[in-house]
Amino acid sequence: MSEEKKKVLVLLLASASVLLSIAYLYFQKPAAKSVAEKKEEKNQKPSRFRIDLTIINGKTLQNFQPKVDEGSTILDFMEDLRQKDELKYEITKYSYGNIIESINTVENNKQLGMSWKLYINNNLSEELIDKTKVDRDNKYKWIYEKDTQK
């Protein structure tokens, strides 16, 4: 066999070997996950935790400690309480977000200048309820109070 034919044969065998290796890797089943990989994956899943929610309407005070998922919003956990018949509320949906109109049948009253306000760690929240993410370290209060002029 001539030197030229040997080179072509070696090149063809090398190419076939590379193609077979690529095909094997492509169609190979994924390797079993290690214990460390499984633990890391578990840690990335949303966890449930309790938050403190207080609703104050004049003399009425209600306390809740609903379990919520990491990444939930105020609206998410209020909806969870509503589905359990622990809380009633009404919202108005706008293109920019949702606004609370009433909690447990106590409605915002424009004539009296009274409305529901959300406080997070005793600070008035400026965020909309469907945009505000809950945090396990925060305390939440809905307070029915007089509107203030800015």
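# Chat about a predicted model

Visitor: What does the secondary structure come to?
Guide: Three helices and ten strands. Helices (H or I, at least four residues) and strands (E, at least two) are DSSP runs, numbered from the N terminus. This is a predicted model, where local features need pLDDT of at least 70 and side-chain atom pairs count only at pLDDT 80 or more, while totals for chains, interfaces and linings use all residues. Residues are numbered from 1 along each chain as its sequence is written, and side-chain values use heavy atoms, with hydrogens and water left out.

Visitor: And in what order do the elements run?
Guide: From the N terminus on, α-α-β-β-β-β-α-β-β-β-β-β-β.

Visitor: OK, sheets. What's the strand order in the open sheet of five?
Guide: β3-β2-β10-β8-β9, with mixed pairing. The edge strands are β3 (60-64) and β9 (123-124), each pairing on one side only. Two strands pair here if DSSP finds at least two bridges between them.

Visitor: How many bridges join β8 to β10?
Guide: Seven, with β8 (residues 114-120) and β10 (residues 139-146) running antiparallel. Tyr119, for one, has Lys141 in β10 as its bridge partner.

Visitor: Is β8 enclosed or open?
Guide: Seven of the seven residues of β8 are buried, so the strand is largely enclosed by the rest of the structure. Buried means under 20% relative accessible area, exposed over 50%, and partly exposed in between (1.4 Å probe, protein chains only).

Visitor: Which β8 side chains point which way?
Guide: Met114, Trp116, Leu118 and Ile120 point one way, and Ser115, Lys117 and Tyr119 the other way. In a regular strand the side chains alternate between the two faces of the sheet.

Visitor: What about β8 with β9?
Guide: That pairing is antiparallel too, over two bridges. Ile120 has Asn123 in β9 as its bridge partner. The two strands form a hairpin with two residues between them.

Visitor: What's the backbone doing at Asn121 and Asn122?
Guide: Asn121 has a positive phi of about 55 degrees although it is not a glycine. Asn122 also has a positive phi, near 65 degrees.

Visitor: Switching to helices: what does α3 lie across?
Guide: Helix α3 (residues 74-83) lies across β2 (52-57), β3, β8 and β10, running at about 85 degrees to β10. Axes are lines fitted to C-alpha atoms, for helices over the stretch in contact, and angles run from 0 to 180 degrees between N-to-C directions. Contact means heavy atoms within 4.5 Å.

Visitor: Which residues make the nonpolar surface patch?
Guide: Met1, Leu9 and Leu13, for about 350 Å². Like charges are joined within 9 Å, and nonpolar side chains (Val, Leu, Ile, Met, Phe, Trp, Tyr) within 5 Å. Leu9 lies in helix α1 (residues 3-27) and counts as partly exposed, at 41% relative accessibility.

How values were computed. Patch = residues over 30% accessible without salt bridge, like charges linked within 9 Å, V, L, I, M, F, W, Y side chains within 5 Å. Areas by Shrake-Rupley, 256 points an atom, 1.4 Å probe, with all protein chains shown as cover. Salt bridge = Lys/Arg side-chain N within 4 Å of Asp/Glu carboxyl O.
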